[in-house]
Amino acid sequence: MSLRAKLVQSIIEASKSSSSSSSKSASSSDGATVEEAAAPTSSGTSGYGTQNTTDQSSSRSAEVPSRMRGRAKLVSSILGPTHHPPSAVAADVDSVPMKNLAIGSRGRLVQAVLSTVSEKSSGSVVPATASQDESPKASAAAGGVVEAPAVEPSPSKQAMEPVVRTGSSGTKVSLMVNYMELKCTPGRGVFLYTVDFQPTVESRPARSRCLEQNAHILGSTFTFTGELMMLPVKLPDNVTTCKAKNPTNDEPVTMTIKFRGAQKMSENVNFYNTLFRRIMHFLQLTEMGRKCYDPSQMRIIPQQRLEVWPGYVTAINEYEGGLMLNLDVTHRVLMQTTVYELMQTIAMADKKMFHDNLKKTLLGMVVLTRYNSKTYRIDDILFDANPLSEFDYRGDKITYADYYQRQHGIKIQDLQQPLLLNRTERMVAGSAKPQEILFCLIPEICFLTGLTDEMRKDFMVMRDIATYTRVTPNQRLAAMQRYCERVNSNEKASKLLSDWGLELVTKPKILVGRTLDQEKIQFGNGTVNAGPNADFNRNVTDYQMLEVVHIRQWVLVHTARDGRSAKTFLDYVQKCSRALGIDIAAPKTIILPKDDQQEYANLLRSRIPAGTQIVVLIVPTAREDRYATIKRICCSEVPIPTQVINSRTLMNEKKNRTIVQKIIMQMNCKLGGTLWGVDIPMAN
């Protein structure tokens, strides 16, 4: 018998012993025996106390376990044949109480077993005052009152209070977090209603207009999805009837509004987040993805032709302190370069491969159209279309050039440039599935967003950008408070919050945190404290590694022109290895005649001797294709650890010692060694 079966059986036996003792005392005090209480019932009734013949019980015990499996079969075998349902209902096993024993958690399993055992031990079937086949209508006709039994909510559906886990070690410290409290007005909340229309109104906008005609009853603030309506205040009656006129045909409509319940905050997280998306629109912020940016506060970097837009990230959820707004500051870098200018640069580089190079560069990029402050993802490039191409606009044919001239006052200069295509899926009224909508954009008025790979590698560019994007905690706090004050001072935003009974607090939440004691870092030949900032980088090179793998057989590969860098590397390996507690023997050196990707591939496949622990390759430049080839071969074809070193990193005499020490540590870790460790106290 498995451990789980033994556990369940021990629980059942303990319950049997306690239940039998209590049943004996009850029978002696009442003056009735168990046999008198367990009166036989008719064969038509169902229940665990029904007495049957030995043949019937044996047939049930042979039939029901074959229909069960898992936990239900386990409990059935422990309880015995007397707990199987009668043969009359054996064909429908799902109708008996045993069906729930195989569903749910182990706690529910044991609870169901104990309740079944207690019913069996206490014994007995209470004599029925009326036949179980008698319908409720018959009982009511006899003068009785039929009441529905009270249904207790299941533990899984009951509201669970937040679990507060607070430690005791360390020193207490006050912490300010980027959470703003949303106070809820008493009596306000989210109250759910269903709305029935008679006669039926098919159009969802028409339904909303019918509800708006009853603003004197419902109020001016509500959210309607077509069938469900959410109100910030509960109506006086659970069922409210309203009259309205169908705006499409002026026919009278009767609306029956039924109350369904008051929802909790945790059930309306999406609703509250939608409210703040509307608030972002009121503040005239531009939405890019899930973040919103303020174009009026942009910072320009003229020397790089870049713009930095500050923005905010918001998320609402219910926490231990109630409803909270998680607020953070973010930035978005945009270029002052248009897609058209980038296309000209690509065309000048290689006219023959213009189409292929343009697709490789532009597909997947996000562009900004400043005339409406919206962003679009480039999904395709239409080389067979241009601004003179026509499309349907409100029943008429119009060219893209004329459309932008009339709608936005923008005159397109190059009428032969290809168009950019954006595909977006949106829900359309009357459609169950989202429909694909196509947007054709003109490169001349689309601006690039983000940074190119060349810009990310440029130290000067990244330094100029970091001037605006790296914010201190005080600057972050000031930006958060400005946002909250801006929301409260905006008339539309503050009214929207107050209508739903919400108030945004401008000061961030203050919590009590704990500064833990300093950890002790273990090395191979000593122990040091991590320090208040947990910075022990200097100690890593001063002490030996905790666990080392001595390198007895390894290969060093370099080109002929990198011989000086290879010699410098080997000299420092001999100087630094003993201090780190590792023995590194002299390697087998292989010199390649030239820096060619195929040369590296052939060497790794054929010239690495058996038993080699690691291969170190010194390469002249950083090339992704060469690096990918080395790693692919050494991971899939010739499984062996590798360490690739750019020779330029070994040309700084002042930093060579530190660089080689870190390379040795990486080699040790790749071979299974450990640099340092901490004590983790265990319970046992």
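**Close-up views of a predicted model**

**View 1. Ser577 in helix 18.** Ser577 lies in helix 18, which spans residues 563-577. The model shown here and in the other views is predicted. With a relative accessible area of 3%, Ser577 is buried, because that value falls under the 20% cut-off. Leaving aside residues up to four places away in sequence, Ser577 is in contact with Ile582, Ile584 and Ile664.

**View 2. Pairing of strand 14 with strand 17.** Strand 17 covers residues 419-426 and pairs with strand 14 in the antiparallel sense. Three bridges join strand 14 and strand 17. Leu382 has Leu419 of strand 17 as its bridge partner.

**View 3. Buried residues of helix 7 and their cover.** Helix 7 is formed by residues 204-212. Its buried residues include Ala206, Arg207 and Ser208, and Cys210 and Leu211 are buried as well. Among the elements that cover the buried residues of helix 7 is helix 8 (215-218). The cover also includes strand 2 (190-198), strand 3 (223-224) and strand 4 (228-231), together with strand 5 (239-245) and strand 6 (252-263).

Conventions:
Residues numbered from 1 in each chain as written. Predicted model: local features only at pLDDT ≥ 70, side-chain atom pairs only at ≥ 80, totals over all residues. Heavy atoms only, no water. Helix = DSSP H or I, 4+ residues; strand = E, 2+ residues; numbered from the N terminus. Buried < 20%, exposed > 50% of the residue type's maximum accessible area, 1.4 Å probe, protein only. Contact = heavy atoms within 4.5 Å. Pairing = 2+ DSSP bridges.
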